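Have the viewer open and follow along point by point.

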Amino acid sequence: MRTYIGHQHVVGSEEFEELALGIDRELFLGVENETGEERAARQAAARDVLADLVAQGAAGDEVAAWDALYAEALTRTVPLLRSAARSVRVSGAGEAA
């Protein structure tokens, strides 16, 4: 079974979420092994996008307001997600026997 959002064929769950919510998760969550320079550029872009969403929400765009809340929540969950990913790698959880 294929899933489409608009005219876009959705390949995976992350793409589904990005297309459905209009938020690029990697922009707010970051990617593993990014350099300090890459992180600073990504965070600056994320702040700009978040500011735009907040402004659109304040102007009456309800979807943008919800997207702003979601994006802001993503920025606060990064340490938890990275910490959990590190603990899984260190403990070896999920490895095949």
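**Notes on the model**

1. Let's start with glycine 57, which sits in helix H3. Keep in mind that this is a predicted model. Setting aside neighbours up to four places off in sequence, glycine 57 touches Ala64 and Ala65.

2. Now for the largest nonpolar core. It has eleven residues: Ile23, Leu27, Phe28, Leu29, Ala46, Leu50, Leu53, Ala64, Ala68, Ala71 and Leu74. Helices H2 (25–29), H3 (36–58) and H4 (62–91) each supply two or more of them. Which helix gives the most? That would be H4, with four residues. As a rule, nonpolar side chains in soluble globular proteins tend to be buried together.

3. Leucine 50 is a handy place to look inside that core, being one of its members. Beyond the residues within four places in sequence, leucine 50 is in contact with Phe28, Ala68, Ala71 and Glu72. Among these, Phe28, Ala68 and Ala71 are also on the core's list.

4. Last stop: arginine 42, also found in helix H3. Is arginine 42 buried or exposed? It counts as buried, because its relative accessible area is 12%, and the cut-off for buried is under 20%. What does its side chain pair with? Look for glutamate 34: the two side chains make a polar contact at 2.8 Å.

Notes:
Residues numbered from 1 in each chain as written. Predicted model: local features only at pLDDT ≥ 70, side-chain atom pairs only at ≥ 80, totals over all residues. Heavy atoms only, no water. Core = buried A, V, L, I, M, F, W, Y, C linked by side-chain atoms within 4.5 Å. Buried < 20%, exposed > 50% of the residue type's maximum accessible area, 1.4 Å probe, protein only. Contact = heavy atoms within 4.5 Å. Polar contact = N/O pair within 3.5 Å; in protein donor to acceptor, adjacent residues only side chain to side chain.
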